[in-house]
Amino acid sequence: MNAAGFPILSLVTFLPLLGVLVILTVRGEEAVVASNARWTALWTSLVTFALSLVLWFQFDRNSPDFQFVERLEWLPDYGVSYMMGVDGVSVLFVLLSTALTPLCILASWESVQNRVREYMIAFLVLETMMVGMFCALDFMLFYIFFEAVLIPMFLIIGVWGGARRVYAAYKFFLYTFLGSVLMLLAIIAIWYQSGTTSIPEIYEFDIPFAMQVWIFLAFFASFAVKVPMWPVHTWLPDAHVEAPTAGSVILAGVLLKMGAYGFLRFSLPMLPDASQYFAPMIYVLSVVAVVYTSLVALAQQDMKKLIAYSSVAHMGIVTLGIFTFNQQGIEGALFTMLAHGVVSGALFLCVGVLYDREHTREIARYGGVAKIMPAYALVFMLFTMASVALPGTAGFPGEFLVIVGAWAVNPWVALGAATGMVLGACYMLRLYRGVAFGRITREDLKRLLDLSPREYTTFAPLIVLTLWMGVYPQSFLSFFSATVAQMVAQHQAAISAASRFAGL
Amino acid sequence: MNWTLALPEIVLALSGLAILVAGVLPRRDMTFPCTMMVLGAFLLAGAFVLAQPDGMAFAGQYIADAFARFMKVLVLAGAALALLLALDWNRAEGLSRFEYPVLVLFATLGMMVMISANDLMSLYLGLELLSLPLYVMAAFHRDNARSSEAGLKYFVLGALSSGLMLYGMSLVYGFAGTTNFAQLGQTLGGGAPISAGVVVGIVFIITGLCFKVAAVPFHMWTPDVYEGAPTSVVAYFATATKVGAIAAIVRVLSGPFGGAVDQWQQVIVLASIASMILGAFAAIGQTNIKRLMAYSWISHTGFVLMGLAVGTEAGLRGVLIYTPIYLMMSLGAFSVLVAMRRNGRAVENIQDLAGLGRTDPAMALGMAIFMFAMAGIPPLSGFFAKLYVLLPAVEAGFWLMAVVAVLSSVVSAYYYLRVVKVMYFDHPAGALDARTAGVSFVLAGTGLFTMFFFLMPAPLLAAARQAVAALIG
């Protein structure tokens, strides 16, 4: 049995489904059902989060191995088992998912009035799929969770989204599906080569270089769309703009991390030679993503679209960090992923606060909000600063580490990433100035109420996290440094082995 | 002569005759009692099938093995559930005639004979016993021009394909000197060069069988017949008869012609690729949901043929796993189609499902599950079906086929999603009439299977493995 003494990961993964069952049994008038659904979903997700805190306290930070491992036979003929476990790379993402879900449910408390029961069910199912995906230690299991996320997200965007929701939902679904079916073929190819789908066992298995290249490209098709990397990022602004606030939060906070997590979990350790081979391409795409999408963000009129493009830029930093193959770069990438999960989620919530009141996301429609809603303006400023990576906020340590890591590989690449930080300050400050400062040009804005107690409750944990991550990053870095160190060492060993053979 | 081996078929045939008499003699409407008796006969035949020992009968014409049992159980289950769906539909459409269940029974009997065939003669016998009732059923709504057209179209094309197949059989007999599957297998598998006459014969036989499974380029009848024939009949066409057709093509190609795999492999690969592509693209523009299901089946045929084309044990196992999963998804989807009825009139446009997510959440959820499953989204059963045919294809190096398969499933996801979109994103077009108990039963059963297959896949995998072992030996 594992360190917790009970199958903690399965419990955290499938507990939300218990909430779904409870919600399904509620009968009665629509208002009663809606209220019951909200409270059930909130409590389920809170209990799930509390349970997942066991991981925070019991996780052995000095061990690079998989912990809390569970294994059950599933498809015995095919060598596929139900295998769950976390290591330093995945454990914090499990916590991120379980922490963001209750906040999303709180954020949708009043803004979603339509088909509340189905909405809450979709979110709880989504939580199960996200957590399961980060815990899965079997390739097939991973793929199942990875794909199954599409169903609830498709419905969330399509049913509760904005005006062009159908287009956005389709685009999101088909883009991601196209990428992942190619990954499925790659999984199958690895499967019959190595005879197993267990991820730790595949780590031990050497895949020939010619095959690595093809498999890398197939993985790339899937993960690059999910990250999203330039030029396959176009689904993201649409999905973000049309999704309801909470949908955007989950999308930016967790779903975007799935692609980068895929690179770290699969591409790097399983395909070291191909990763090295394709690294220059990734650098180029990442730097283009950082610079180009920052410029695009600069031109946006829609707040959500601006933040969506900034997400693409931040994820460019992440992919850059992953493919530096050194300790700083990968740790920085992981930290940036976490920080971006918290900060961009919070920024979407900030937009949601204004949208709930004014029903528009156009920057030009606002101005002078700081005078009307001072508390809100303060919160918004904190997250804006975190997004531009001001030292002392969550954004800084990760981006700094990535740039340090990138410098070691190629100073020009580091320069590109640093340009992104400068441009990031430009567009985020422009957004903040347009919304919060300036004269109050519209009379109707004067009626706006400042944050409600519910909104304070939603933001409070995010504010604490943002400052904590900025001031004392070590309490997060300590989770993954052992695992990353081992990953880097194994990568170096694999590369030098390959080049030795090449010399023969 | 050990005729007791064929007891399931004999029991079914005798009950069919008895039910026919029972339907004719009384002077009142006997549809409901006859349907119930046919369901009872299916149950009885199913029990006999499960109790059937392995062996051969009628001088090697008839074989009973694990494969036959596996497929017959599926056929009987599919036929019984489709009949259940037809009962209420036919009553509402004024098609309530006792001949209908009897026709279903004889068609099912034909399939069982076909599945157990161990000789080209008995194969053809079963095929014709299956086809003739099907022609009548397609035209069952005789006052409706579209239904009559569907029946006629099906008959003419079906007769053509039967003729081609018979010609192929005679060629094979002429050049190989036998029609028995076991002897054909020995002759062709001996390593001696295979004469051109036999190859041509095999191709003709494949043509006939491809017509039955609606593989491209012999698929043309499917959308028209699906659209024209009464929905209750299509529910039977799309489920039980597909199982029978798959069983026949698997039995024939892996048994007697297993030795000639090099000769027919390319044909099946081509048919598979063409079916997947056409099924995916042609369905995009459809507005009639029955036509959509027809094209959806064509693309599923492609996947089934992919498993067959690989020709390995794993490939055939994939086919046998695909078949029951498809059967359940398709029955479930057709239970929704049969329930599509507004103000007493049957409706069949996709747009008629608009807002079903509000007006009938349970049925919409079921339909969404079937659509996502058919698109192959995990963890629903359809994903595993596709996985088990993709796996052997990749393993045997059929990369082109595998890549086409996954890309075509992305294209087809588009139109499956459209059904989900119409149900959940669009405004209600007015509620559909209340579901009947039969529909709810089939919907719940198939929905639960499709949703929760991933929890207990082992029994089906084991059964499929046994069936393939019997086939390959």
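Modeller: A helix here is a DSSP run of H or I with at least four residues, and a strand is a run of E with at least two. By that count, chain B of this predicted model has 20 helices and 4 strands.

Biologist: Why are H3(B) and H4(B) called roughly antiparallel?

Modeller: Helix H3 (residues 66-92) and helix H4 (residues 99-115) of chain B pack at an angle of about 165°, with their axes 10 Å apart. Angles over 145 degrees count as roughly antiparallel, and therefore H3(B) and H4(B) are given that name. Their crossing is right-handed.

Biologist: Which residues make that contact, and what is its make-up by class?

Modeller: From H3(B), the contributors include B:Ala68, B:Met71, B:Lys72, B:Val75 and B:Leu83. From H4(B), they include B:Tyr100, B:Pro101, B:Val104, B:Thr108 and B:Ile115. By class, the contact has 13 nonpolar, 2 polar and 1 charged residues.

Biologist: How do you know which residues of chain B and chain A belong to the contact between the chains?

Modeller: Two residues are in contact if their C-beta atoms, placed from the backbone, lie within 7 Å. That contact takes 23 residues from chain B and 26 residues from chain A. On the chain B side, helix H17 (381-395), helix H18 (399-424) and helix H20 (458-472) each supply at least two residues. H18(B) gives the largest share, 10 residues. The side of chain B that touches chain A has 19 nonpolar, 1 polar and 3 charged residues.

Biologist: What does UniProt place on chain A at residues 78-130 and at residues 136-422?

Modeller: An unreviewed UniProt entry gives residues 78-130 of chain A as "domain: NADH:ubiquinone oxidoreductase chain 4 N-terminal". In the model, that span is 66% helix and 13% strand, and its end C-alpha atoms lie 25 Å apart. For residues 136-422 of chain A, UniProt (unreviewed entry) has "domain: NADH:quinone oxidoreductase/Mrp antiporter transmembrane". Over residues 136-422 the chain is 81% helix and 0% strand, with the end C-alpha atoms 38 Å apart.

Definitions and conventions
Residues are numbered from 1 along each chain as its sequence is written. Chains are lettered from A and ligands numbered from 1 in the order in which they are written. This is a predicted model: local features need pLDDT of at least 70, side-chain atom pairs count only at pLDDT 80 or more; totals for chains, interfaces and linings use all residues. UniProt positions are given in the numbering used here, feature names are shortened, and annotations may be inferred rather than shown by experiment. Ala, Val, Leu, Ile, Met, Phe, Trp, Tyr, Cys and Pro count as nonpolar, Asp, Glu, Lys and Arg as charged, and the others, Gly among them, as polar. Axes are lines fitted to C-alpha atoms, for helices over the stretch in contact, and angles run from 0 to 180 degrees between N-to-C directions. Angles under 35 degrees count as roughly parallel, over 145 as roughly antiparallel, 65 to 115 as roughly perpendicular and the rest as oblique. A crossing is left-handed if the near helix is turned anticlockwise from the far one by less than a right angle, and right-handed if clockwise.
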